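User: I have a structure open and I am new to it. Could you show me how to read its features, one step at a time?

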Amino acid sequence: MDRVNVTVMQSSLLPTRPMAAGVGGHCLCYVLVGMLLGLMPLNSRGEAADGGQFSTLDQQVRELKKEVLAINRELLQLEQQLLYPKPKQLVVFVSVDKQAAVTLSSLQIELDGKILTRHRYNDSQNSALAEGGIHRPYLGTVENGEHRIAVSVAYYQRDGQLIEQSRVRTLAKRGQPNYLELRIGASTFAKNPEVGLHEW
């Protein structure tokens, strides 16, 4: 098993259910607005107070925002646990060695001949990968048994040439999470970088 230093990219696309996430976001907004209205100090004419009271209110608003963000993270984690129970989880990561000197263009993941996901990389994601970040393009569930997983990646070399490579391996699902990493590393002898698909 290879040692992997994991720093998950903040810009990675976490697969969640859009409708559920949207509904949760609206509910949190309503809760925040209600809490802010409850905190707003009023004078005898029903108008918002000013001066030092506004300074206190601003601080309370910042604290509320932090709490709402923390609650939102917990809800997203709970949603992922419900949608993707760990015994069936399949997670795929992508990393690029700093010495590889490549710019990722696109990625495709297939399981048993069926496309699971496609992803196109932008400049910010390539910058994060070049700094040692790890991208998680896929999180899903797989039934127990033997499966064939194929990961294809297209990237530009330093000279601008577009290269496409694919890696295939057998995935044995045995009632526990499976973590795969497509690792693009610098090659000492070959012109093209080394591309490997490893299981943690």
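Predicted model: local features only at pLDDT ≥ 70, side-chain atom pairs only at ≥ 80, totals over all residues.

User: Which residues of helix α3 are buried?

Analyst: In α3, which spans residues 123-130, the buried ones are Gln125, Asn126 and Leu129. They sit on the same side of the helix, because they cover an arc of only 100° around its axis. As for what lies against them, the buried residues of α3 pack against β1 (89-96), β2, β3 and β4 (134-141). After α3 comes Gly132, with a positive phi near 100°.

User: Now the whole chain, please. How many helices and strands does the protein chain have?

Analyst: There are 3 helices and 8 strands. Read from the N terminus, their order is α-α-β-β-β-α-β-β-β-β-β. The chain has 200 residues, and 33% of them count as buried.

User: How do I read a sheet? What is the strand order in the open sheet with antiparallel pairing?

Analyst: The general idea is to ask which strands are paired; two strands pair if DSSP finds at least two bridges between them. In this open sheet of 4 strands the order is β3-β2-β5-β6, and the pairing is antiparallel. The edges are β3 (114-120) and β6 (162-173); each has a single partner strand, so one side of each is left without a neighbour in the sheet. On average, neighbouring strands here are turned by 15° against each other, direction ignored.

User: How many bridges join β5 to β6?

Analyst: These antiparallel strands are joined by 12 bridges, and Val153 stands opposite Gln165 in β6. Together β5 and β6 make a hairpin with 5 residues between them, and Gly160 in the turn has a positive phi of about 90°. On to another pair: β2 (residues 103-111) and β5 (residues 145-156) are antiparallel over 8 bridges. There, Leu107 is opposite Val153 in β5.

User: And which strands make up the open sheet with mixed pairing?

Analyst: That sheet has 4 strands in the order β4-β1-β7-β8. Its edge strands are β4 and β8, and each pairs on one side only. β1 and β4 run antiparallel and are joined by 6 bridges; Gln89 has Thr141 in β4 as its bridge partner.

User: What about the interior? How many residues does the largest nonpolar core have?

Analyst: A core of this kind is a set of buried nonpolar residues joined through side-chain atoms within 4.5 Å. The largest one here has 25 residues, and those with the most contacts inside it are Leu104, Leu107, Ile149, Val153, Leu182 and Ile184. At least two residues of this core come from each of β1, β2, β5, β6, β7 (178-185) and β8 (194-199). There is also a second, separate core of 5 residues, including Val91, Phe93, Ile134 and Leu139.

User: Which residues does Ile184 touch?

Analyst: Leaving out residues up to four places away in sequence, Ile184 touches Ser95, Val96, Asp97, Ala100, Val102, Leu104, Val153, Pro193, Glu194 and Val195. For the chain as a whole, among contacts with a separation of 6 or more, 68% are between residues 24 or more positions apart.

User: Finally, what should I know about the surface?

Analyst: The protein chain exposes about 12,600 Å², and carbon and sulfur atoms supply 52% of that area.

Key
Residues numbered from 1 in each chain as written. Heavy atoms only, no water. Axes fitted to C-alpha atoms, helices over the stretch in contact; angles between N-to-C directions. Buried < 20%, exposed > 50% of the residue type's maximum accessible area, 1.4 Å probe, protein only. Arc of directions from axis to C-beta. Contact = heavy atoms within 4.5 Å. Areas by Shrake-Rupley, 256 points an atom, 1.4 Å probe, with all protein chains shown as cover.
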